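Please keep the sequence and the 3D view open as you read.

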Amino acid sequence: MHNTEGQFIIYPEYSRIPPAVDTFGLTIAAAADGYLPAEIRLSVLHLTDCILEELIHIGEGCRTVSHTVSLAGLPLPLDGLGLGIEATSDTWTASTAVDRGSGPVRYGFVSDFTPEDRRRTGEAAKFLLRNHITHVQFYDWACRPHQFGPEDGCSWYEDTMGKPIDLTVVKELIDSFRRRGMQSLAYGAVYAATADYAREHPEQALYDIMGQRFDLIGKFFIMNLNSRAWRDQILEQYRYAVETVGFDGIHMDTYGYPKSGWGFGEQAARSLEPDFISFIDEWARHGDVNIFNNVGGWPAASTAEADQAACYIELWDPYTRYRHIRELICRVGNSGKPVVLAAYLLPFKPRDEQKLAEGHSPLQSALLLTAAVSSLGATSLLLGEDGVILTQPYYSDYSQLSGEEQEQIRLYYDHQVRYRELFYDPDAIDITGSHVVGADREFSIAAGDCRITIDGEPGSLWVMAKRTDTRIVLNLVNLLDQEDDLWNQGKRPCVSRPEVTIGIPRYSDRMSVWYTEAGHTNSRMIPLETSACQGVRGPSISCTLPSVGLWTTIVCEL
């Protein structure tokens, strides 16, 4: 007789349901060496409503099952839909989330491509799938920055940094991700070449005022995107990546400098900004996925209008504080494209035992970053491989997450998918500064002596508010226990959880208010009792949250 009652996990079989598709698959797997329960109760939730309940009969002795859920006949959006999935047995509860339609780009990465890494391919796909990754960057997979495939045609080679690569493993990963609905993007710098190529083709290089070639660490030399010959060279490599290797598109990298330079024999400097834009649009005509790296936010305001899948920004000094995250996202928010931030978390790299003993946790920094970025309508590039996190721009030097860290971050990623309509509604307008705080505010938020701020100040509740014609969404990120507002520092656990009273103008006689807190297996919306009151600008409704955790979302249906 098998022990059929054990802990289990659940996750979708596809990273995102295509628009208008009415079914989706779930994988339910026993944790560790146990077996699945004989029966599991499945609940599907949309915002405040449980829309479907099923009893799944599994039987004894099973470790993994696949289950198909049908949404046919349910009055749900065809695009932009987020759902929560809860599975319970007599002893255990597991959860996940799914979404349907176009929407945010949830970016992950892989960078290990040796035969020894082949055994981890399935685990990498499972980890990224459990975190709902839609696009995967293949970092440093190419033989050379200007010549992606080896000249001898061999599948085994070393890249410019000496990292071994087996192209067969690269192709297997692409296929594995594609079967799960994830798109694979080949890392390809737009203007990098090795020293020998730059010497052999001086007419394609970019120079400073003294006639010296620009380079990065003496290995990668900057080429001139305004040179037709260089464009043709790198576009040929992009075509090789998608047509021969099988990638779905290109991650177009830059190094943040130079921002201007001299072409071969030119008498005046020219900005690289128009070259970036025209190059993005030229490659986009090939019809593949395209994401361009705006290092330090430059020139994101311009490239956001170019033909690409997302506006991708890599954060660097001086964008070190939470308010800078808000600034950069708002700068490109009007483009209508998904926004992705690459904000590498250095606290995971050194694992400073003294700081850990003092209560400065890298996990808390990751959770706060995810809460802030999601509340502002963007996503982060953090996770990759089979359970690792980025700490710096050389992705191959990543840090391993513990099992507990993986689980906590996954719950936050579940939250942003489950309630994607609250965070990523393209029709939502930010009303934080105009309605919620300041001299002309119409809302009220009170939490005793706690400060309410709009830019992520330490020792405060950080509020972000958006509105559509049918709802108001408030996100509270709890920074009350934090000593600084530096996003790339370890952070203290969220201990202070004050009661919060919110006043909202009466826009109709049928308003209802709900709230949910991220980080729980069951993060269902909980209704709040409301009462009529005289608010800061007239008739309002008032409601009280018993406490606020690290990331609390309040929705008022109008």
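## Ground rules

This is a predicted model: local features need pLDDT of at least 70, side-chain atom pairs count only at pLDDT 80 or more, and totals for chains, interfaces and linings use all residues. Residues are numbered from 1 along each chain as its sequence is written, and side-chain values use heavy atoms, with hydrogens and water left out.

Helices (H or I, at least four residues) and strands (E, at least two) are DSSP runs, numbered from the N terminus. Buried means under 20% relative accessible area, exposed means over 50%, and partly exposed lies in between (1.4 Å probe, protein chains only).

Let us begin with strand β36, which spans residues 538–545. Six of its eight residues are buried, leaving β36 mostly covered. Two strands pair if DSSP finds at least two bridges between them. One partner of β36 is strand β32 (residues 500–505), and the two pair in the antiparallel sense over six bridges. Here P505 has S540 in β36 as its bridge partner.

Strand β35 (residues 531–535) also runs antiparallel to β36, with five bridges joining them.

## A three-stranded open sheet

Next comes an open sheet of three strands in the order β13-β16-β15, with antiparallel pairing. Its edge strands are β13 (192–193) and β15 (215–216), each of which pairs on one side only. Strand β16 (residues 220–222) and β13 pair in the antiparallel sense through two bridges. The bridge partner of A192 is I222 in β16.

## Helix α1

Is helix α1 enclosed or exposed? Helix α1 (residues 121–130) has seven of its 10 residues buried, so it is largely enclosed by the rest of the structure. The buried residues are T121, A124, A125, F127, L128, L129 and R130. After α1 comes H132, which has a positive phi, near 65°.

## E53 on strand β4

E53 sits in strand β4 (residues 49–57). E53 is exposed, with a relative accessible area of 60%. Contact means heavy atoms within 4.5 Å. Not counting residues up to four places away in sequence, E53 touches L42 and S43. The C-alpha atoms of E53 and E86 are separated by 9.6 Å, and these two residues are 33 apart along the chain.

## Cysteines without disulfides

How many disulfides does a search of the whole structure find? The search finds zero. A disulfide is a covalent bond between the sulfur atoms of two cysteines. The test used here is a pair of cysteine sulfur atoms within 2.5 Å.

C154 is partly exposed, with a relative accessible area of 34%. For C556, the closest cysteine sulfur is in C543, at 7.6 Å, again too far for a bond. C556 is buried, with a relative accessible area of 1%.

A pocket is found on a 1 Å grid over the protein atoms alone, as an open set of points where a 1.4 Å probe fits, with protein on both sides within 12 Å along at least five of seven lines; lining residues have an atom within 4 Å of a point. The largest pocket holds about 780 Å³ of space. It has 28 lining residues, and G333, G377, Y424, D425 and P426 are the closest to its centre. At least two lining residues come from each of α7 (322–332), α11 (420–423) and β27 (429–430), and α11 gives the largest share, three residues.

The second largest pocket holds about 550 Å³. Among its 31 lining residues, Y139, Y187, L216, D253 and Y255 lie nearest the centre. Two or more lining residues come from each of β12 (183–189), β17 (249–253), β20 (289–295) and β21 (310–314). The largest share, three residues, belongs to β12.

Note on methods. Grid points are joined across faces, edges and corners, and a volume is the space filled by probe spheres set on the points.
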